[in-house]
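Have a look at the sequence and the 3D view, then read on.

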Amino acid sequence: MTRKLYYEDPWLLRWESAVTGCVQVDGAWEICLDATVFYPEGGGQPWDQGYLGGVRVLAVTERDGEVIHRCDGPLAVGRTVEGQVDRHRRLALMQQHTGEHMVSGTICRRYGVNNVGFHVGSTIVTIDFDGPVPPEDLPKIQAQVNEAIWQDLKVECFVPDRAALEKIPYRSKKALEGPVRIVRIGEVDSCACCGVHVTSTGQVGLVKLLSCVKFHQGVRIEMACGHYAMDLLEQVFDQNRQVSQTFSAKLLHTGEAARAMADRLAQAQYQIGHLQRQLFDQIGEGFRGAGNVLLFREDLEGEALRLLADRIAQSCGGTAAVFVPAGTGHRLCLASRTQDVRPLGDRLRQALSAKAGGRREIVQGTVPADRAKIRDFFHTQGWDL
Ligand SMILES: [Zn+2]
């Protein structure tokens, strides 16, 4: 059995221990110690990373009470080595895990719903509940949790005996046998858990609830805690700074500025659409009764190619073939109100390796050919150009 120092003091992140075992397994070394500060994976909390006597700790697991450190190098059995846990990662994980308990406990008390799964370890923590939580209540829940954080309540971790355990109300995902470790945070929460937690709630720093969406029979809540909440805040702040500079808007007025810009853009697009229809009408009328029309344009974005080809087809009486430069070739649209354009598309595919498809009246696609080759092709089709 390894002595589990992380349960004795979660802030003990550096310790000298004796190496009691070292075996090579699948390209790494599994090292055991008489005592360890490295938390193994468990209770939903990922393992600690760091260094052990100069080798890197890649993963940590527990097998029959023995903590196994999977490392990128060997250590001599009997040697005393210093273990050093990556503090930033451990602190972030403890902040997330304690924050998760506080949010779960608060929501369980307020709405009578249970945490049925959670994920910590990424920037954003997710918690799944088995019943509804009104999304509009998120600010209230967040305020209540942060108030408890700032009261700096003690986080107590203990293993009561059976008799004492029966008198303690606590959350648990399943019926537990054997000793049960309880994590109690004042009146906020009491939960069966084998994870490593901060020692008082003030160390969580901050909880930011991000979203609440329907998930299976209940909801999934996303949130950020402590270090990661600060990182997220920094990123969001940086995005807002960019928006603020782009729109010359004050930092707390970027939403208004973005909405005003979106309105102006929608208006401009509407006007462009109107002008484009007028322009295409003019071009279309210019080809009235012209029969087959081959046209190269430079200025047709997106759907405009199809709209122009279709408009010309309305008046020309033959087939309209419109091409726009794209990369080293062209985008194309064939349109007709009098003929099936698909055979022409097939011949373009065979002659010029075009990729095109569509229906009887309209075929669209691309062709890896220049203007001269496209012209030659339509000559061979007997078009009068
Ligand atoms: Zn837990």
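Which residue in β8 stands opposite Arg14? That's Gln84. Keep in mind that what you're looking at is a predicted model. The protein chain splits into three domains: domain 1 (3-85), domain 2 (91-233) and domain 3 (277-380).

**The barrel**

- Six strands make a closed barrel, in the order β2-β3-β7-β6-β5-β8, with antiparallel pairing.
- On average, neighbouring strands of this sheet are turned by 45° against each other, if you ignore direction.
- Strand β2 (residues 14-25) meets strand β8 (residues 80-85) through five bridges, and the two pair in the antiparallel sense.
- In general, strands of a sheet pair through backbone hydrogen bonds, either parallel or antiparallel.

**Where domains 1 and 2 meet**

- Taken over C-alpha atoms, the centres of domain 1 and domain 2 are 27 Å apart.
- Domain 1 puts nine residues into the contact, and domain 2 puts in 13 residues.
- On the domain 1 side, that works out by class as five nonpolar, four polar and no charged residues.

**The cores**

- The largest nonpolar core has 52 residues, and Val207, Met223 and Cys225 are the ones that touch the most other members.
- Helix α2 (residues 87-111) is the top contributor to this core, giving six residues.
- Both domain 1 (3-85) and domain 2 (91-233) give residues to this core, so it lies between them.
- Take Met223 as an example: setting aside neighbours within four places in sequence, Met223 is in contact with Val103, Val125, Val207, Lys208, Leu209 and Leu210.
- There's also a second, separate core of 27 residues, with Ala313, Phe323, Ala335 and Val363 among them.

**Strand β18 and its partners**

- Strand β18 (residues 329-336) is largely enclosed by the rest of the structure, because six of its eight residues are buried.
- On one pairing, strand β17 (residues 317-326) runs antiparallel to β18, with eight bridges joining them.
- Within that pair, Thr319 stands opposite Ser336 in β18.
- β17 and β18 form a hairpin with two residues between them, and Gly327 in the turn has a positive phi of about 60°.
- β18 also pairs with strand β20 (residues 362-367), again antiparallel, through six bridges.
- Here Leu332 stands opposite Gly365 in β20.

Notes
Residues numbered from 1 in each chain as written. Predicted model: local features only at pLDDT ≥ 70, side-chain atom pairs only at ≥ 80, totals over all residues. Pairing = 2+ DSSP bridges. Helix = DSSP H or I, 4+ residues; strand = E, 2+ residues; numbered from the N terminus. Axes fitted to C-alpha atoms, helices over the stretch in contact; angles between N-to-C directions. Domains from an automatic or database assignment. Contact = placed C-beta atoms within 7 Å. Nonpolar A, V, L, I, M, F, W, Y, C, P; charged D, E, K, R; others polar. Buried ≥ 20, exposed ≤ 12 C-beta atoms within 10 Å, placed from the backbone. Core = buried A, V, L, I, M, F, W, Y, C linked by C-beta atoms within 7 Å.
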